[in-house]
Amino acid sequence: MGAMTRRNLNNSPFLAAAHGRTPSRTPVWFMRQAGRSLPEYRELREGTSMLDACFKPDMLAEITMQPVRRHDVDAAILFSDIVIPLKAAGIDVEIVPGRGPVMAHAVRTPQDVRNLPVLDDDIAEVAEGIGIILDELTDSQALIGFVGAPFTLASYLVEGGPSKNHERTKSLMHSDPDTWHLLMEKITPTVTRFLQTQISAGIDAMQLFDSWAGYLTERDYREFVLPYSQRILESVDGEIPRIHFGVGTGELLGAMSQAGSEVMGVDWRVPMDSAAERIHNAVGPRVLQGNLDPAILSSGEQAMTREITRIKGEAADAIAAGHATGHIFNLGHGVLPNTAPEDITKAVELIHSVDTGAVAAPEKR
Ligand code: 1CP
């Protein structure tokens, strides 16, 4: 790694919490805070495909900033997609509106896997976009970069697109483990390379999205997935705080936390205090991120207040019990496209102001 100077964000509640220190207010950002819920996004994107937008520095920077300006969230998340490094490596992928990433050729045979290109260069457009974003953020606002985990990317490659049951992916894993491991060996360096681009460009934190890991048994997760996610997280150990998240991963929280991250994302199905216990039992106390059900954003102020209070209370209990070292508020998965922007702004305001009668993180580190 070169000796670039990372931003020194002493006033960032997000970074304070990510480091296990006491933040000046409960930090919050939302997965999918940029995108279709915002009219200014739909306007800007008009006539530009999703993938093209991700390779235009000015546009990706502007889309990244839109939710920060509108909602007063404590972190921006880079506007990109998990398939961007695959595209940059030369894989023929398109993002089909209303559907998601679709591959021109599904990857199914050993020969398909051997033919997969590997990314071995920076993605200059993304690095340039990150530079623009960092110039615009204040020193209390962090920039989160992200990559997709090898399993979730493998699912898109093997299924050829979005999938309900991930059955071909699991079949490959079990019927031809050698080819599976070869596939993971091809994807992992591509992901690591893209992460390196983002790190060199100056992101303040990163999230590893293993969105579909929750479809696996713990046993399969440990054998076929965990080692590769571990490798990616290890590649940035000590550089910036790392967040690890998947959907429906209540049963995997222990195993996933062993991949190595300062922060564990929790989906909405598991109460924060139970999640903390599972993580604590596996690796010791970590920072929690989550876990409001995205549907609650559209359920009115009363429901929002009740659920936000409950979640902040559960996180405070986990911290008080020594099972967690902090809490970053988020949703249990991404903002739903039909969510009204005003409801998102309201939620942020409530998250910043609702008082649970708690709680400073214990001073020990
Ligand atoms: O605001 C943000 O959170 C940043 C934007 C972001 C992120 C973090 C986008 C833009 N994509 C992602 C990551 C991503 N992409 C994930 C992991 C996060 C998650 O679990 O939601 C996944 C699984 C994808 C794959 C993907 N890309 C899907 C899901 C399809 C499926 O299998 O169900 C979709 C719909 C896309 C396209 C996409 N990516 C991003 C946006 C705004 C869109 C919609 C594009 C459009 O405007 O049509």
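Modeller: Before we start, a word on names: helices (H or I, at least four residues) and strands (E, at least two) are DSSP runs, numbered from the N terminus. Please keep in mind that this is a predicted model.

Colleague: Thanks! Which element supplies the largest share of the lining of the largest pocket?

Modeller: The largest pocket holds about 1,400 Å³ of space, and among its 46 lining residues R32, R36, M50, D81 and G100 are the closest to its centre. Elements that each give at least two residues to this lining are α2 (39–45), α3 (50–54), β2 (93–96), β3 (100–103) and α8 (150–159). The largest share is three residues, and these come from β2.

Colleague: How many residues of the lining of the largest pocket are nonpolar?

Modeller: Let us sort the lining by class. Eight of its residues are charged and 13 are polar. The nonpolar residues in the lining of the largest pocket number 25.

Colleague: What is the volume of the largest cavity?

Modeller: The structure has one cavity of 30 Å³ or more. L86, I91, L116, P117, K186, I187 and T190 form the lining of the largest cavity, and by class these are five nonpolar, one polar and one charged. The volume of the largest cavity is about 30 Å³.

Colleague: And which element gives the largest share of the lining of the largest cavity?

Modeller: K186, I187 and T190 are among the residues that line the largest cavity. The largest share of the lining is three residues, and the element that supplies them is α10.

Colleague: Are α10 and α12 roughly parallel or roughly antiparallel?

Modeller: The axes of α10 (residues 177–201) and α12 (residues 226–234) come within 10 Å and cross at roughly 20°. Angles under 35 degrees count as roughly parallel. So α10 and α12 are roughly parallel.

Colleague: Is the crossing of α10 and α12 left-handed or right-handed?

Modeller: On the α10 side the contact uses H181, M184, E185, T188, V191, T192 and L195, and on the α12 side Y228, R231 and I232. Those residues divide into five nonpolar, three polar and two charged. The crossing of α10 and α12 is right-handed.

Colleague: At roughly what angle do the axes of α9 and α10 cross?

Modeller: T169, L172, M173, H174 and S175 of α9 meet P177, T179, W180 and L183 of α10. By class this contact has five nonpolar, four polar and no charged residues. The axes of α9 (residues 167–175) and α10 come within 5 Å, and they cross at roughly 115°.

Colleague: How many charged residues does the contact of α4 with α7 have?

Modeller: The axes of α4 (residues 57–71) and α7 (residues 124–136) come within 8 Å and cross at roughly 35°, in a right-handed crossing. P57, D58, L60, A61, T64, M65 and R69 of α4 meet E125, V126, E128, G129, I132, I133 and E136 of α7. Besides seven nonpolar and two polar residues, the charged ones number five.

Colleague: One last thing: in which strand does N291 lie?

Modeller: The peptide bond from G290 to N291 is cis, with omega near -10°. Most peptide bonds are trans. N291 lies in a strand that covers residues 286–292, namely β8.

Terms used
Residues are numbered from 1 along each chain as its sequence is written. This is a predicted model: local features need pLDDT of at least 70, side-chain atom pairs count only at pLDDT 80 or more; totals for chains, interfaces and linings use all residues. Side-chain values use heavy atoms; hydrogens and water are left out. Axes are lines fitted to C-alpha atoms, for helices over the stretch in contact, and angles run from 0 to 180 degrees between N-to-C directions. Angles under 35 degrees count as roughly parallel, over 145 as roughly antiparallel, 65 to 115 as roughly perpendicular and the rest as oblique. A crossing is left-handed if the near helix is turned anticlockwise from the far one by less than a right angle, and right-handed if clockwise. Contact means heavy atoms within 4.5 Å. Ala, Val, Leu, Ile, Met, Phe, Trp, Tyr, Cys and Pro count as nonpolar, Asp, Glu, Lys and Arg as charged, and the others, Gly among them, as polar. On a 1 Å grid over the protein atoms alone, a cavity is a set of points where a 1.4 Å probe fits but cannot get out, and a pocket is an open set with protein on both sides within 12 Å along at least five of seven lines; lining residues have an atom within 4 Å of a point. Grid points are joined across faces, edges and corners, and a volume is the space filled by probe spheres set on the points.
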